[in-house]
Structures are given as C-alpha cells and as structure tokens.
Amino acid sequence: MIIIFPLIINILCVYFATIGFGILINLPRKALNVAGIVSLCGWLVYHIVDVHLNSYLFADILGTFTVGFLSIFASRYKKMPVIIFNIPALVPLVPGGQAYQVMKCLAIGNYALAKANLIQVIFIAGGIASGFLFSEFLNQLYNRFKAYMKEKRAMR
Amino acid sequence: MNERQKSKLLVETCLLAGKIMIENGSEMVRVTDTIDRISINAGAKEARSYVTLTGIIMSGSPDMGAQVTAIDKRTFDLEKVSTVNDYSRQFANKKISLGEFYRRLKRIDKDILPFPFWLQLIGAFMVSSTLEIVFRSNYYDFWAAGIVGMLGWFVYSLTDKYTNIRFLNEFIAAICIGFVSIFLIRAKIAISADDLIIGGLMPLVPGVPITNAVRDVLSGNLVSGPSRGIEAIMSACALGFGVSMAIKILG
C-alpha cells in the first residue's frame, strides 16, 4: 500500500500535466483525453524500466518508443496527425531536472558537476531521438507489409 | 473557369495550406505530403513544390511561373494543423470543392480559436505543479510550483503580445520565475527553490521544436530539421540564461 500510493499520485499527475500542456499548445479538444492516455503509458514504461533495470538511458529509449508506437495507433483511430499525440507525451520524459542542474552549476561555478549533467542531458536527448527512430521504423515496416499483402491479393 | 485560372487557384490553395501548417508547428513531411495530395486530387499531375521552414516555392504546371510565399512567424497551434489535414482529407473524398477549400483556409483564423487565456493559466498551473511532483516528489511545494508556473506563462504571453523579438519572451519569463521562486523561499512559503524553478519552467519547454526537429532529421530533410533544432536550443538557452541570471543576482 505504501509503495503503490505514490505511484497512483504520479500517474494522475502525468495525465493532468499532459492535458495542461495540451491546453497551452491548443490541441484539438477531442484529442486531449487520448493524448493523456498515450503519455501515461509512455511514462509508465519509462518509470518501470527506470526503477527495475536502473538505467535512465534505456528507460528513455523504451518510453519514447512506446509513445511513438501508441501515437501512431491513436492517430489512425482519431484521424489526426501523429505529432498531436507525440508532443504532449514527450513532456514527462524531457530531462528538465538535469538541464536545470547544468545551468545552476554553471551559474554557481561548479563546472565538473555541470559537465556530468550536460552529458546526461545529451544522452537522454539521443535516447529520445532513437526511440522515435525505432517506432518510425516499425511503422514503415508495417506499411510495407500491408502494401505487399494488398499487391499479393491483387495478383491472385 | 479556364485551365489557367484553375491552376492559379490550385497553387494559391496549396501555398496557403502549407503556410498555415508550418506557421502552426507541423513537421515538414506532412506539409510536402499535403501539398502533393491536394495537387494530385485536383488533377495537376505535374505540380512541383519545394518546402522549407521559412518559405514555400510551388509551380502548378511546367508552362506557368512558380509562386513563392514567405513564412516569418512560427507559433504552436496544433488544432489548425489538424483542421487543414481534415480539409485536405475532405477534398480528397470530393466532399468540398477547391474554391470552398480556399475560402475555408482564408477563414481559419476566425474559425479556430485558441483556448481562453484563463484556461491557459490553469493549464500552466497543472503542468508546473504536477510535473514538480513527478520529477522531484516534493508534495509540500505543489501549490507554490503551480503559482510560479502560472506567473511564468502570464509573463511569457504578455511579452509575446507586445514585443516582436524572438527568445526575449522566454528570457524575461525565466528571470521572473527565478526571482519569484527565490523570494518564495526567502519568505519561507516553500522548501526548495530548485523544485519550484524546475516546475515553473516546464510550461515553457520547447516541446514542439524538439519533436519536429527529430522527425524532420529522421525523414532526411537536412534544411529544416537542423534549423528547428537550433530554434529549440536557442529557446532552451534563453530559459537557462534567465534562470542563471536570477540565481547569480540573488545568490
């Protein structure tokens, strides 16, 4: 009970944060709820991998992969562009804490800690990019497969 | 309508659709795809277009001159992107004509309104307070972080409305966030200045440019992808400099 309670609060927080960010960038009203759920799933994968495998880089790659994968389905279901679900779902995965630490350490003159944090930020950014890469790759593979099956059926 | 007028209307419609999509934060592949689809559905097989982040060049047919449109400002309004997408889909299904498509695009600023300002403030409150809990799990500072984020968004929108300089609004908003957070700590209302600043900066994170930069580079657009990336890095640097200035001044 003690372990599960903060998790539930965090889940609610991620959902509402996504909806709040959606309001700021003016998402279509019909997409707000689905975007919140996509973001929630992505963050859950991120959190589980981060806690149990203890690797923030792998967690970010898998979390972004989930976001990219689910937002492709969401965009097919809602008939809207993919970025509508991608952008708000990215917000809980962004390395905000580390980026802030870089700036703060530079301001107070602790350059060693700033460098360590900067390297983390760059790695996380690369992880996010490769997560998107994998999901896009899977999407194109699926499209190719569908086109191939259609062609085969037409040949018969 | 003769062939020449029809071709002209087609080019005007495509340029306007592309301009609206880029101005409101679409990725480049979608813009190219939409323009190609509109011209194929209108029967212009030989239409060609070249799309960049700052302008679009398009010609309707080989024996006519090309038209250019320049794009100066870029904001985030994803509902307009989605609406242009819908119109294009309706045009492909022959539900609306090309003239109706053009009239609707002209009207889009009146038809699609942003969320009201008080709701945006509540949205900024939600983003800051909840993400402060997710990132730092500091339950005590929930309200303070929300208020700091709301104030940051208020300053950001106000400077955005009255000035024309890019990245100035982010810089001023970040300075305000830093000052207010440190004052709240000095007044013993909140516990941790770091948590307040991280939460307060979250509504200003350049999420749209980051995502679009990654997607543009992955699709092979080496003109628009890196320029979007620079836009994102400049925004992030403006936020960082603002906050570190506040820390430096107040200690």
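This briefing describes a sheet, its covering helices and a chain contact in the structure above. The model is predicted: local features need pLDDT of at least 70 and side-chain atom pairs count only at pLDDT 80 or more, while totals for chains, interfaces and linings use all residues. Residues are numbered from 1 along each chain as its sequence is written, with chains lettered from A and ligands numbered from 1 in the order in which they are written. Helices (H or I, at least four residues) and strands (E, at least two) are DSSP runs, numbered from the N terminus.

**Sheet of chain B**

- In chain B, 3 strands form an open antiparallel sheet in the order β1-β2-β3; two strands pair if DSSP finds at least two bridges between them.
- The edges are held by β1 (48-51) and β3 (67-70) of chain B, each with a single partner strand, so one side of each has no neighbour in the sheet.
- On average, neighbouring strands of this sheet are turned by 10 degrees against each other, direction ignored.
- Strand β2 (residues 55-59) of chain B is joined to β3(B) by 4 bridges, and the two run antiparallel.
- B:Ile57 has B:Val68 in β3(B) as its bridge partner.

**Helices on the sheet**

- Axes are lines fitted to C-alpha atoms, for helices over the stretch in contact, and angles run from 0 to 180 degrees between N-to-C directions.
- Helix α1 (residues 3-23) of chain B lies across β1, β2 and β3 of chain B, at about 160 degrees to β2(B).
- Helix α2 (residues 28-41) of chain B lies across β1 and β2 of chain B, and runs at about 165 degrees to β1(B).

**Packing of α2(B) with α3(B)**

- The axes of α2(B) and helix α3 (residues 78-92) of chain B come within 10 Å and cross at roughly 25 degrees.
- The two helices, α2(B) and α3(B), are therefore roughly parallel, a term for angles under 35 degrees.
- B:Thr34, B:Arg37, B:Ile38 and B:Asn41 in α2(B) meet B:Val84, B:Ser88, B:Phe91 and B:Ala92 in α3(B); residues are in contact if their C-beta atoms, placed from the backbone, lie within 7 Å.
- The residues of this contact comprise 4 nonpolar, 3 polar and 1 charged; Ala, Val, Leu, Ile, Met, Phe, Trp, Tyr, Cys and Pro count as nonpolar, Asp, Glu, Lys and Arg as charged, and the others, Gly among them, as polar.

**Contact between chains A and B**

- Chain B contributes 44 residues to the contact and chain A 39 residues.
- On the side of chain B that touches chain A, two or more residues come from each of α3, α6 (117-136), α9 (193-201), α10 (207-218) and α11 (224-250) of chain B.
- The most residues on that side, 11, come from α6(B).
- By class, the side of chain B that touches chain A has 26 nonpolar, 11 polar and 7 charged residues.

How values were computed: Contact = placed C-beta atoms within 7 Å. Parallel < 35°, antiparallel > 145°, perpendicular 65-115°, else oblique.
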